[in-house]
Amino acid sequence: MAARRAVRVAVRQGDCKAEAVARAAIDAAKVGLGERGTVWWSDGAADFNRHMARKTPYADWFASVVPGVEP
């Protein structure tokens, strides 16, 4: 949060160097948290994000945990 505040202050003051330093601190924090950088969760499986569960290979499992849903 301090780095975000530092960006805001630097932008308001027109201090490009301070802004770059603050943005680098934000980037370092995001990389440290796993939000940026090398993907660590990829297992090579197909990505079914944005697909209806009943139309994926997980349809049977989904039907078993959600009442009233048929695969």
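1. Nonpolar patch. F48, Y58, W61 and V65 together make a nonpolar surface patch of about 420 Å² in this predicted model, where a patch is built from residues with over 30% relative accessible area and no salt bridge, nonpolar side chains (Val, Leu, Ile, Met, Phe, Trp, Tyr) being joined within 5 Å and like charges within 9 Å. Accessible areas follow the Shrake-Rupley method with a 1.4 Å probe, and for residues only the protein chains shown count as cover. Y58 sits in the loop between α2 (16-33) and α3 (59-65), and Y58 counts as partly exposed because its relative accessibility is 46% (buried is under 20%, exposed over 50%, partly exposed in between).

2. Basis of the model. Residues are numbered from 1 along each chain as its sequence is written, and side-chain values use heavy atoms, with hydrogens and water left out. As the model is predicted, local features need pLDDT of at least 70 and side-chain atom pairs count only at pLDDT 80 or more, whereas totals for chains, interfaces and linings use all residues.

3. T56. The loop between α2 and α3 also holds T56, which is buried, with a relative accessible area of 10%. A polar atom of the T56 side chain lies 2.8 Å from the backbone oxygen of A53. Leaving aside residues up to four places away in sequence, T56 touches F48 and H51, contact meaning heavy atoms within 4.5 Å.

4. Overall form. The protein chain has 3 helices and 0 strands (DSSP runs, H or I of at least four residues for helices and E of at least two for strands, numbered from the N terminus). Its radius of gyration is 22 Å, whereas a compact globule of 71 residues would have one near 11 Å; the radius is taken over C-alpha atoms, and the globule rule is 2.2 Å times the number of residues to the power 0.38. The C-alpha atoms fill a box of roughly 60 × 25 × 15 Å along the principal axes, and 13% of the 71 residues count as buried.

5. Salt bridges. The structure holds 3 salt bridges, each a side-chain nitrogen of Lys or Arg within 4 Å of a carboxyl oxygen of Asp or Glu. R23 pairs with E19, with the closest N and O atoms 3.0 Å apart, and both residues lie in helix α2, 4 residues apart, about one turn of the helix. D27 pairs with R36 at 2.9 Å between the closest N and O atoms. E35 pairs with K30 at 3.3 Å between the closest N and O atoms; E35 counts as exposed at 52% relative accessibility, while K30 counts as buried at 18%.

Definitions and conventions: Buried means under 20% relative accessible area, exposed over 50%, partly exposed in between (1.4 Å probe, protein chains only). A polar contact is a pair of N or O atoms within 3.5 Å; within protein, one must be able to donate a hydrogen and the other to accept it, and residues adjacent in sequence count only if both atoms are side-chain atoms.
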